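Have your viewer ready and let's take a short walk together. Each stop tells you what to select and what you will find there.

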Amino acid sequence: WLVVGTALVQHRRSRAAKRGDLREIRSQVFTDDFHIAIVTTAALPWMTGTAINPLLRAAYLSKAGRSVTLAVPWLHPREQGLVFPGKLRFADPQAQERHIRLWLAERGGVRADFRLRFYPARYDLDRGSILPLGDVTGCFEAGECDVCVLEEPEHLNWYHSGANWRHRFKLVIGVVHTNYLYYARMYAGAATAAVLKRLNEWMCGAYCDRVIKLSGTIQPLPRAVVCNVHGVRSEFLEIGRRAARSHFPPRRAGAYFLGKVLWAKGHRLLIDYLSLQQSLGQPPTHVDVYGGGEDLAEVEVEAAARELRLSFFPPTDHSGATLRRYKVFINPSQSEVLSTTTAEALAMGKFVVVQRHPSNDFFMQFRNTLPYDTPEEFLQQLQAALDSEPEPLSAEERRALSWEGATDRFLEAVSNCTLS
């Protein structure tokens with residue numbers, strides 16, 4: 001009874017302290033006098049969403065006048081080759097920071113004065129993920145502990161061994177990037193997915209005051225809202241502006257699909273849709289597929305066996321000249337939370353053919369989005385896109401896709417988090 005009583009007293013004190021923190025941060029947010037600490041699970045030069053999007057979030061928040069610190073994982077040079085491309089290796093965090101800031105200026109299109117910190121981590125081969133080592137909450141000084149943004153909070157906390165984030169910071173917001181349950185069901189089975197679902201709920205409930213889901217495809221989580229707080233790099237919007245002004249040659253190429261080649265990423269559906277086109281006796285549509293991945297060889301064999309007009313090419317820069325010549329981007333994937341490549345294609349002024357699915361809800365507001373519900377409707381929308389020309393983006397559409405627009409949505413979400 002003594003132990004239970006002590007635990008109840010501590011719990012009540014903790015809840016009272018958190019209510020006090022929320023009142024304090026509410027006042028700070030109202031006056032724009034607060035620091036934002038961002039923690040993510042990957043860093044450049046690993047070109048993955050959880051390396052790029054938190055970096056751009058930090059940069060644009062800093063550009064908007066906010067005080068920001070970004071914490072990213074540091075891998076020992078022996079492990080860097082497991083995720084970094086080519087021969088890129090760094091002897092120390094300072095060298096990697098120089099690379100990150102150079103990419104941000106040259107490719108991200110933004111220069112910003114935010115603090116960059118590294119925490120020790122390792123790469124887990126079994127999970128294909130970077131996992132923190134030690135107490136990451138210790139990366140931050142006392143004056144940096146107002147608002148904390150945990151990018152992929154479930155991932156960050158699977159093996160968390162330090163102080164509770166909610167005790168260290170006045171307000172902790174988790175941003176959920178990845179549909180882990182989809183991959184668990186596909187590759188590990190229903191039992192593993194059920195365990196992971198419960199674990200994700202516990203992690204987010206224990207360590208986050210609020211959760212932002214990028215789309216409604218993510219599992220239900222405690223105290224969660226749906227809001228797209230991501231944008232596209234300015235270079236894609238500039239390509240769209242120049243294309244609308246006829247600064248590029250006409251887009252004579254047809255349809256393409258860009259992404260990691262995995263059955264789970266929609267390649268199975270694409271093959272099934274084009275096979276249906278064959279069975280209906282319709283003229284075959286040629287689609288170019290760009291990307292590499294574990295299932296590439298199997299996808300190529302299946303496409304050849306069905307005699308489909310699919311051509312395969314290696315991973316290609318989406319903003320490069322090769323892909324600018326296409327006017328139709330197709331993405332049949334159902335595993336995405338929010339597809340970056342779909343947003344980039346829209347920003348470049350292209351048609352996008354996507355399924356009506358919670359992961360694509362954000363894209364339904366754009367005139368060049370051609371949604372479908374059935375395989376037959378996919379074929380109709382694809383043909384309609386190939387037979388017509390996309391509309392130039394309006395100023396409102398460009399703003400919605402930009403990182404400036406995403407930053408506005410993020411700051412509004414932070415403000416709303418302090419009110420509820």
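This is a predicted model: local features need pLDDT of at least 70, side-chain atom pairs count only at pLDDT 80 or more; totals for chains, interfaces and linings use all residues.

Residues are numbered from 1 along each chain as its sequence is written, and side-chain values use heavy atoms, with hydrogens and water left out.

**Stop 1: two helices.** Select α10 (residues 267-279) and α11 (residues 296-305), whose axes come within 11 Å and cross at roughly 5°. They are therefore roughly parallel (angles under 35 degrees). Now show the side chains in contact (heavy atoms within 4.5 Å): H267, R268 and I271 of α10 meet V299, E302 and A303 of α11.

**Stop 2: a buried face.** Move to α9 (residues 234-244), where F236, L237, I239 and G240 are buried, that is, under 20% relative accessible area with a 1.4 Å probe, protein chains only. These residues lie on the same side of α9, because they cover an arc of only 155° around the axis. Their cover includes α12 (321-324), α13 (340-347) and α15 (395-401).

**Stop 3: aromatic rings.** Select W158 and Y180, an edge-to-face pair with 5.2 Å between centres and 65° between planes; pairing requires centres within 6.5 Å, and edge-to-face means planes over 60 degrees apart. W158 sits in the loop between α5 (153-157) and α6 (165-168) and Y180 in α7 (residues 180-187), so the pair ties together parts 22 residues apart in sequence. Finish at the aromatic cluster of Y256, Y290, F313, Y326 and F329.

Note on methods. Axes are lines fitted to C-alpha atoms, for helices over the stretch in contact, and angles run from 0 to 180 degrees between N-to-C directions. Helices (H or I, at least four residues) and strands (E, at least two) are DSSP runs, numbered from the N terminus. Angles under 35 degrees count as roughly parallel, over 145 as roughly antiparallel, 65 to 115 as roughly perpendicular and the rest as oblique. Buried means under 20% relative accessible area, exposed over 50%, partly exposed in between (1.4 Å probe, protein chains only). The arc is that of the directions from the helix axis to the C-beta atoms. Rings of Phe, Tyr and Trp (its six-membered ring) pair if their centres lie within 6.5 Å; planes under 30 degrees apart count as stacked, over 60 as edge-to-face and the rest as tilted.
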